[in-house]
Protein chains: 2
Amino acid sequence: MNTVPVAIEPNRDEHLVAAVESAGGKVVGLDEARVLVWIGLPAEFPELPDAVEWVALKSAGIEDFFTAGIVDDRRIWTNASGFYAENVAEHALALLLAGLRQINTAVVRHWDKERIDTSVRSLHGSTVAIIGAGGIGASLGPRLKACGARVVAVNRSGREVPGADEVRRPSELDSVWASADHVVLAAPATAETRHMINAESLAALPSHAWIVNIARGPLVDEEALYKALVDGEIAGAALDVTDPEPPADDHPLWSLPNVIITPHVANPASGLTREFAPWLGENLRRFLAGDELLSVVTPERDY
Amino acid sequence: MNTVPVAIEPNRDEHLVAAVESAGGKVVGLDEARVLVWIGLPAEFPELPDAVEWVALKSAGIEDFFTAGIVDDRRIWTNASGFYAENVAEHALALLLAGLRQINTAVVRHWDKERIDTSVRSLHGSTVAIIGAGGIGASLGPRLKACGARVVAVNRSGREVPGADEVRRPSELDSVWASADHVVLAAPATAETRHMINAESLAALPSHAWIVNIARGPLVDEEALYKALVDGEIAGAALDVTDPEPPADDHPLWSLPNVIITPHVANPASGLTREFAPWLGENLRRFLAGDELLSVVTPERDY
């Protein structure tokens with residue numbers, strides 16, 4: 001039988017061992033491996049033997065591996081872009097609904113019906129822009145659609161997005177801000193997306209807008225966001241990511257009643273390898289069959 | 001042109017006046033009316049002239065009008081059952097997701113990643129039971145389905161429910177509790193549904209279960225709920241309704257970290273007549289045409 005030696009480092013996680021073995025792989029040390037599954041940090045990344053043809057990383061965003069100069073062009077690299085999309089899309093929807101339905105306010109202000117009754121807004125009937133509509137957008141679109149929202153997706157390819165009523169290009173962002181009720185950020189962190197939520201885009205959004213960020217902290221200029229929230233330029237922000245993480249204990253965003261911050265748990269580490277395992281198995285089957293792998297990293301695109 | 005005299009009491013709400021007029025009605029005083037649209041409380045309900053053939057109530061649950069002996073069998077009564085279904089279903093989803101994704105915890109425990117990361121659960125892949133699958137259930141089913149949940153609906157009719165993988169009868173509730181991950185209560189308050197969430201049903205649910213109540217407070221035995229939450233028999237409860245409302249300031253449920261209480265805002269009063277207006281217009285058109293009205297009250301069923 002055709003098999004392939006796979007190293008799982010820095011520790012042999014049980015879910016991944018099972019996935020590798022059931023896909024026809026054999027778990028070995030790095031010095032014997034043709035494949036490395038790396039579930040550690042960039043700082044601990046090992047010297048790669050030439051025999052390693054494919055490195056599988058467990059994260060969707062791997063900018064830290066680029067920054068550290070780890071990703072080379074001598075083998076295939078895969079990230080986990082799209083593998084956790086369902087989970088992250090679900091968290092985005094949870095954050096958006098929590099803000100619109102004022103659950104954050106209700107938790108701290110007991111039965112303050114007068115205040116909450118007048119602040120609750122509905123997702124149904126509203127327009128939601130998903131910025132960066134890859135795997136997460138494709139999972140979020142149908143969820144928002146089922147909730148009665150109109151969905152505008154923004155991506156570079158112009159490809160159709162499930163659930164989206166409309167797909168726009170990044171060059172059209174100005175008109176997207178103006179026509180959206182709410183925004184979900186689902187784009188990778190690149191030079192192009194850095195601070196895409198800034199004083200200008202915040203001013204273009206309606207005053208009832210909620211911004212949800214389940215992507216990467218640097219997409220948002222937090223100083224501009226704080227100002228917009230205090231000035232009532234937008235209604236609220238629900239953030240699973242910040243820049244840096246965690247925010248400082250005395251960060252002004254903590255003090256605002258119209259901010260929800262969850263500690264980067266859209267794809268909780270506690271269940272990560274369990275969610276990653278079936279995708280790793282599928283990619284290993286493809287590797288053995290000589291088929292194209294899922295989620296291959298393209299260094300030119302910088303993510 | 002055929003027209004009908006309609007009283008809108010105790011105040012002539014602008015959204016309802018517009019709806020009545022555009023549907024071919026004429027707004028008049030109660031002494032001239034064939035139709036009464038009542039948007040006040042039961043306590044203020046007026047003596048009805050014999051000429052009133054139809055009373056339109058603005059609430060979905062009208063048990064207080066029954067208790068006060070207001071609903072008679074000398075004319076047609078309609079409630080607003082199903083008219084606010086989208087809004088209420090949305091709130092139910094918001095409460096369920098907020099609990100599962102630990103947004104309540106994140107709001108009060110800043111970046112407590114260790115605690116939150118291990119407590120976050122996913123809606124996708126779970127089984128949700130909707131108890132009392134009328135209009136709200138029909139709106140909630142497709143939302144849950146789009147979120148990747150399996151949906152079990154429980155109703156008396158056995159009628160299919162949109163989005164539901166399975167429809168069960170109230171007599172089968174024991175097996176429903178045992179197979180559900182989470183429960184949404186969407187049943188009317190009747191003698192039959194009173195305290196349907198009690199020590200027994202709570203014991204039958206799995207320890208990771210969240211219970212959402214967007215129906216009526218008396219469906220839940222709050223003493224049993226408190227005990228189950230403290231003992232870890234279920235994971236949490238998200239309540240938009242309580243018994244009585246509001247709960248006392250020192251009610252023990254306020255003290256629990258795994259309880260979310262919103263102040264009966266699934267269908268916020270601030271936007272109620274705006275949401276009610278198009279349905280009232282539709283019913284008035286039906287009344288004029290001699291067609292069957294939507295949401296006619298059946299006193300024998302006690303709701």
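Predicted model: local features only at pLDDT ≥ 70, side-chain atom pairs only at ≥ 80, totals over all residues.
The contact between the chains draws on 48 residues from chain A and 48 residues from chain B. Together the two chains bury an area of about 4000 Å², and carbon and sulfur atoms account for 68% of this area. On the side of chain A, the residues that lose the most area to chain B are A:Glu90, A:Arg101 and A:Trp111, which together make up 20% of what that side buries.

Polar interactions also span the interface. Between chain A and chain B, 26 residue pairs are in polar contact, counting pairs in which both residues have a pLDDT of 80 or more. Several elements of chain A each supply at least two residues to the side that touches chain B, namely helix H3 (85–100), helix H4 (103–108), helix H5 (113–119), helix H6 (135–146) and strand E12 (259–261). The most is given by H3(A), with 9 residues. Classified by residue type, this side of chain A comprises 26 nonpolar, 11 polar and 11 charged residues. Across the interface of chain A and chain B, 2 salt bridges are found. A salt bridge joins the side chains of A:Arg101 and B:Glu90, with an N to O distance of 3.2 Å. A:Arg101 is also among the residues of chain A that lose the most area to chain B.

The H3 helices of the two chains pack against each other. The axes of H3(A) and H3(B), the latter covering residues 85–100 of chain B, lie 9 Å apart and form an angle of about 115°. The crossing of H3(A) past H3(B) is left-handed. In this contact, A:Glu90, A:Leu93, A:Ala94 and A:Leu97 of H3(A) meet B:Glu90, B:Leu93, B:Ala94 and B:Leu97 of H3(B). By class, the residues of this helix pair contact comprise 6 nonpolar and 2 charged residues, with no polar ones.

Most residues other than glycine have a negative phi, and most peptide bonds are trans. In chain A, the peptide bond from A:Asp243 to A:Pro244 is cis, with omega near 0°. A:Pro244 is located in the loop between strand E11 (236–239) and E12 of chain A. In chain B, a cis peptide bond, with omega near 0°, runs from B:Glu9 to B:Pro10. B:Pro10 is found in the loop between strand E1 (4–9) and helix H1 (14–22) of chain B. A:Gln102, although not a glycine, adopts a positive phi of about 65°. The position of A:Gln102 is in the loop between H3 and H4 of chain A.

Key:
Residues numbered from 1 in each chain as written. Chains lettered and ligands numbered in written order. Heavy atoms only, no water. Contact = heavy atoms within 4.5 Å. Buried area = accessible area lost by both parts, 1.4 Å probe. Salt bridge = Lys/Arg side-chain N within 4 Å of Asp/Glu carboxyl O. Polar contact = N/O pair within 3.5 Å; in protein donor to acceptor, adjacent residues only side chain to side chain. Helix = DSSP H or I, 4+ residues; strand = E, 2+ residues; numbered from the N terminus. Nonpolar A, V, L, I, M, F, W, Y, C, P; charged D, E, K, R; others polar. Axes fitted to C-alpha atoms, helices over the stretch in contact; angles between N-to-C directions. Left-handed = near helix turned anticlockwise from the far one by under 90°.
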